[in-house]
Amino acid sequence: MAIGFVGCIGALKENKCLLLTFFVLLLLVLLLEATITVFFFAYTDKIDSYAQEDLKKGLHLYGTPGNVGLTNAWSIIQTDFRCCGVSNYTDWFEVYNTTRVPDSCCLEFSDRCGLHAPGTWWKAPCYETVKAWLQENLLAVGVFGLCTALVQILGLTFAMTMYCQVVKADTYCT
């Protein structure tokens with residue numbers, strides 16, 4: 001938002017400094033996004049293991065005060081994707097120190113259903129289920145990324161074109 005503001009004010013006032021600042025900042029953002037994308041694809045395996053470890057650590061925050069967003073996110077994921085835990089439902093045993101899971105893991109939701117037998121819980125691992133869903137929708141994610149890059153490249157082009165026009169106008173006026 002701040003970068004867009006700099007570009008907008010630079011265009012309105014035809015200020016060379018702001019236009020150039022906008023161009024440089026937008027270029028840095030684009031290069032940073034490209035670098036992150038390359039690293040993401042280069043280190044997918046390591047990212048997978050780190051993500052699973054972090055998600056398992058995050059399970060311990062489920063239902064604790066101040067973590068309503070995390071609690072709701074896990075409940076929604078487990079309910080919508082029909083899964084339980086990161087690797088499987090036994091991940092929750094470490095959290096509760098007993099054989100139980102959150103109610104969002106239950107095949108048929110009811111109050112305290114997570115205290116019943118494992119036969120009443122989802123068996124699918126959430127990490128693999130969500131990962132498979134993301135891979136199925138990879139085309140949409142890719143199209144979104146390319147559209148975002150196109151808008152940024154257009155912004156770079158327009159900013160540099162306007163900068164050159166302002167510089168050219170300054171040389172003719174003096």
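Colleague: How far apart do the end C-alpha atoms of residues 138-163 lie, and how much of the span is helix?

Modeller: This is a predicted model. In it, the end C-alpha atoms of residues 138-163 are 37 Å apart, and the span is 100% helix and 0% strand.

Colleague: Which feature does UniProt place there, and at what other residues?

Modeller: The UniProt record, an unreviewed entry, gives "transmembrane region" at residues 20-43 and 138-163. Over residues 20-43 the model has 96% helix and 0% strand, with 34 Å between the end C-alpha atoms.

Colleague: How many salt bridges does a search of the whole structure find?

Modeller: The search finds two salt bridges. In one of them, the side chains of K16 and D170 meet, with an N to O distance of 3.3 Å. K16 belongs to helix 2 (residues 16-42) and D170 to helix 7 (residues 138-173), so this pair ties together parts that are 154 residues apart in sequence.

Colleague: Staying with helix 3, what does it reach from its first C-alpha to its last?

Modeller: Helix 3 (residues 44-59) has 16 residues and reaches 22 Å, close to the 22 Å expected at 1.5 Å a residue.

Colleague: Which residues of helix 3 are buried, besides D48?

Modeller: G58 and L59 are buried in helix 3, together with D48. Viewed down the helix axis, the buried residues fall within an arc of 100°, so they line one face of helix 3.

Colleague: What covers the buried residues of helix 3, and which exposed residues sit on the face turned away?

Modeller: The cover includes helix 4 (68-80), helix 5 (91-96) and helix 6 (126-136). The face of helix 3 turned away from its buried side carries the exposed residues K46, Y50 and K57.

Colleague: Changing topic: how many disulfides are found, and in what pattern?

Modeller: The search of the whole structure gives three disulfides. With bonded cysteines counted along the chain, their pattern is 1-6, 2-3, 4-5.

Colleague: What does the disulfide of C83 and C126 tie together?

Modeller: The sulfur atoms of C83 and C126 are 2.1 Å apart. C83 is buried, with a relative accessible area of 0%, and C126 is buried at 2%.

Colleague: Where do C84 and C105 lie?

Modeller: A disulfide joins C84 to C105, with an S to S distance of 2.1 Å. C84 is in the loop between helix 4 and helix 5, and C105 is in the loop between helix 5 and helix 6, so the pair ties together parts 21 residues apart in sequence. C84 counts as buried at 0% relative accessibility, and C105 is likewise buried at 0%.

Colleague: What about C106 and C113: is their disulfide right-handed or left-handed?

Modeller: The torsion about the S-S bond of C106 and C113 is about 110°, so this disulfide is right-handed. C106 is buried, with a relative accessible area of 5%, and C113 counts as buried at 2% relative accessibility.

Colleague: How far is C17 from the nearest cysteine sulfur?

Modeller: C17 is in no disulfide, and the nearest cysteine sulfur, that of C164, is 15 Å away. C17 counts as exposed, at 55% relative accessibility.

Colleague: Last topic, the backbone: what is phi at N97 and at R112?

Modeller: N97 has a positive phi of about 55° although it is not a glycine. R112, also a residue other than glycine, has a positive phi near 65°. N97 is found in the loop between helix 5 and helix 6, and R112 lies in the loop between helix 5 and helix 6.

Colleague: Are N97 and R112 buried or exposed?

Modeller: N97 is exposed, with a relative accessible area of 69%, and R112 counts as exposed at 56% relative accessibility.

Conventions. Residues numbered from 1 in each chain as written. Predicted model: local features only at pLDDT ≥ 70, side-chain atom pairs only at ≥ 80, totals over all residues. Heavy atoms only, no water. Helix = DSSP H or I, 4+ residues; strand = E, 2+ residues; numbered from the N terminus. Expected span 1.5 Å × (residues − 1). Buried < 20%, exposed > 50% of the residue type's maximum accessible area, 1.4 Å probe, protein only. Arc of directions from axis to C-beta. Contact = heavy atoms within 4.5 Å. UniProt positions renumbered as here; feature names shortened; annotations may be inferred. Salt bridge = Lys/Arg side-chain N within 4 Å of Asp/Glu carboxyl O. Disulfide = S-S within 2.5 Å.
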